[in-house]
Amino acid sequence: MSKDMVEKREIIEELDRRIALLKAHEFDAIDVTGNQYEELNQALKKVIGVPLMGELSSVRDFVCQL
């Protein structure tokens with residue numbers, strides 16, 4: 001297998017890993033801690049997670065086409 005193919009496979013595997021991490025926490029509840037900054041951080045992670053999954057999937061599709 002050529003070096004380029006190995007690198008491409010490694011990139012795709014890493015993208016898959018990161019997408020899976022985001023999906024694993026997609027429906028986590030926000031813990032009410034009384035710390036408004038911690039709760040805000042949790043909410044922001046949820047809001048950012050969905051579009052980030054889309055972007056990572058798009059990058060993965062692009063790499064697959066190379």
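Let's start at Asp16, which is partly exposed at 33% relative accessibility. Keep in mind that this is a predicted model. Asp16 pairs up with Arg60 in a salt bridge, and the closest N and O atoms there are 2.4 Å apart. Asp16 sits in helix H1 and Arg60 in helix H2, so this pair ties together parts that are 44 residues apart in sequence. Arg60 also counts as partly exposed, with 23% relative accessibility.

Now for helix H1 itself. H1 covers residues 3-24, 22 residues in all, and reaches 31 Å from its first C-alpha to its last, close to the 32 Å expected at 1.5 Å a residue. Its buried residues are Lys8, Ile12, Leu15 and Ile19. Look down the axis of H1 and these buried residues fall within an arc of 65 degrees, so they line one face of the helix. Part of what covers them is H2. Turn to the face pointing away from that buried side and you'll find the exposed residues Lys3 and Ala24.

What does the H2 side of this look like? Take Val63, a residue of helix H2 (residues 36-65). Val63 counts as buried because its relative accessibility is 9%, and the cut-off for buried is under 20%. Leaving aside residues up to four places away in sequence, Val63 touches Lys8, Ile11, Ile12 and Leu15. Lys8 is 55 residues away from Val63 along the chain, yet their C-alpha atoms are separated by 7.0 Å.

Back to charges: the structure holds five salt bridges, and the Asp16 to Arg60 pair is one of them. Another joins the side chains of Glu7 and Lys3, at 3.5 Å from N to O. These two are four residues apart in helix H1, so about one helical turn separates them. Glu7 is partly exposed at 33% relative accessible area, while Lys3 is exposed at 63%.

Further along, Glu14 and Arg17 meet in a salt bridge of 2.7 Å, N to O. Here the spacing is three residues in H1, again about one helical turn. Both ends are partly exposed, Glu14 at 29% relative accessibility and Arg17 with a relative accessible area of 43%.

One last stop is on the surface. Leu40, Leu44, Val47, Ile48 and Leu52 form a nonpolar patch there, with about 450 Å² of accessible area together. Val47, which lies in H2, is exposed, with a relative accessible area of 59%.

Note on methods: Residues numbered from 1 in each chain as written. Predicted model: local features only at pLDDT ≥ 70, side-chain atom pairs only at ≥ 80, totals over all residues. Heavy atoms only, no water. Buried < 20%, exposed > 50% of the residue type's maximum accessible area, 1.4 Å probe, protein only. Contact = heavy atoms within 4.5 Å. Patch = residues over 30% accessible without salt bridge, like charges linked within 9 Å, V, L, I, M, F, W, Y side chains within 5 Å. Areas by Shrake-Rupley, 256 points an atom, 1.4 Å probe, with all protein chains shown as cover. Salt bridge = Lys/Arg side-chain N within 4 Å of Asp/Glu carboxyl O. Expected span 1.5 Å × (residues − 1). Arc of directions from axis to C-beta.
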